[in-house]
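Please examine the following structure together with its sequence.

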Amino acid sequence: MNKIKNEVKVGYRWVGDQHPVYVIAEIGINHNGDIDNARRLIEGAAKAGCDAVKFQKRTPDLCVPPDQRDIKRDTPWGVMTYIEYRHKVEFNKAQYTQIDRICKDLKIDWFASCWDEEAVDFMEQFDPPCYKVASASLTDAALLKKKRSTKRPMIVSTGMSTMVEIEAAIELIRCENLLIAHSTSTYPCKTSELNLRMLHTLKTLYPNVPIGYSGHETGLAPTWAAVAMGACFVERHITLDRAMWGSDQAASVEISGLERLVSNIRDIESSLGDGIKKVYDSELGPKQKLRRVNTLELDESVDLKVWSIA
């Protein structure tokens with residue numbers, strides 16, 4: 001298939017305006033370091049019809065600032081330092097090997113937001129279909145270059161960033177396999193701060209780049225609205241239970257909600273059509289039955305082409 005405007009291949013799927021919405025279920029660290037939780041979340045995402053699941057990968061000794069490492073915090077495993085907690089929720093090679101096998105068996109893509117360069121090297125051994133640039137990493141030039149060097153597609157999330165920062169990051173990345181996600185980095189995010197019209201702004205600024213939406217709101221309606229507004233891909237955090245321990249759980253979608261989210265996304269896609277007015281075969285019967293008068297005559301001076309613009 002030849003690459004066309006606004007189209008990037010992620011794994012086995014093309015992502016762009018002319019393709020079905022690519023749905024990413026963000027597991028992140030909502031597994032709480034438990035591989036069984038991760039398995040159940042992957043299975044739920046696959047059953048719901050998602051195209052991919054995403055994790056977060058950090059090297060704690062690089063990502064946790066020195067002044068935060070010894071801060072004590074309550075966790076499901078008791079009181080421990082923040083650096084101990086960060087190590088607790090990170091999966092190792094053996095666990096990610098299990099995740100890789102589970103995803104392959106279920107035929108669902110998986111990849112990660114890598115928060116440091118060492119984490120990118122770690123993930124390379126699993127041949128991911130793409131990399132995600134978390135909003136918090138958008139201004140990390142070294143990390144952007146590291147991910148760019150892999151030559152894999154990059155999904156860049158734009159939360160907590162100014163337009164100047166976004167434009168600088170895109171200028172630095174300068175790759176054909178780029179996707180941009182509008183986002184607001186509040187967990188959960190108020191609907192008044194979602195600013196979905198930024199999807200149109202980004203589409204205007206970057207017409208050759210697939211534009212998507214990474215949502216952190218409670219509820220599903222804004223994500224459906226984003227699809228109706230032209231998002232080529234969407235990402236939502238998922239959880240087994242929104243009451244579970246963890247900072248991202250409350251802004252996540254439970255599996256039953258995820259099934260509704262994906263099902264209705266497909267309905268929205270089907271309903272959007274091509275923008276060209278036509279009379280469907282299913283209308284012919286009602287037309288014959290209900291249209292009482294048909295005496296309109298077309299003015300020959302009217303240019304019909306203006307009515308067929310998609």
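Leaving aside residues up to four places away in sequence, Ser157 touches Lys132, Val133, Ala134, Ser135, Leu138, Ala181, Ser183 and Ser214, where contact means heavy atoms within 4.5 Å. The model is predicted, so local features need pLDDT of at least 70 and side-chain atom pairs count only at pLDDT 80 or more, while totals for chains, interfaces and linings use all residues. Residues are numbered from 1 along each chain as its sequence is written, and side-chain values use heavy atoms, with hydrogens and water left out.

Ser157 belongs to strand β9, residues 154–157. Helices (H or I, at least four residues) and strands (E, at least two) are DSSP runs, numbered from the N terminus. Is Ser157 buried or exposed? Ser157 counts as buried because its relative accessibility is 2%; buried means under 20% relative accessible area, exposed over 50%, and partly exposed in between, with a 1.4 Å probe and protein chains only. The side chains of Ser157 and Ser135 are joined by a polar contact of 3.4 Å. Such a contact is a pair of N or O atoms within 3.5 Å; within protein, one must be able to donate a hydrogen and the other to accept it, and residues adjacent in sequence count only if both atoms are side-chain atoms.

**Aromatic rings**

A pair of aromatic rings is described by the distance of the centres and the angle of the planes. Rings of Phe, Tyr and Trp (its six-membered ring) pair if their centres lie within 6.5 Å; planes under 30 degrees apart count as stacked, over 60 as edge-to-face and the rest as tilted. The whole structure holds eleven aromatic pairs. Two of them are listed here.

| Pair | Centre to centre | Angle of planes | Type |
|---|---|---|---|
| Trp77 and Trp245 | 6.1 Å | 75 degrees | edge-to-face |
| Tyr96 and Phe122 | 5.8 Å | 65 degrees | edge-to-face |

Trp77 lies in the loop between β5 (72–75) and β6 (78–81) and Trp245 in the loop between β12 (233–239) and β13 (253–254), so their pair ties together parts 168 residues apart in sequence. Trp77 counts as partly exposed at 33% relative accessibility, and Trp245 counts as partly exposed at 29%.

Tyr96 is buried, with a relative accessible area of 1%, and Phe122 is buried at 18%. Ring pairs also join Phe55, Phe91, Tyr96, Trp110, Phe122 and Phe126 into a cluster.

**The chain as a whole**

The chain has eleven helices and 13 strands, and 47% of its 310 residues count as buried. Its C-alpha atoms fill a box of roughly 80 × 40 × 40 Å along the principal axes. Among contacts with a separation of 6 or more, 65% come from residues 24 or more positions apart.
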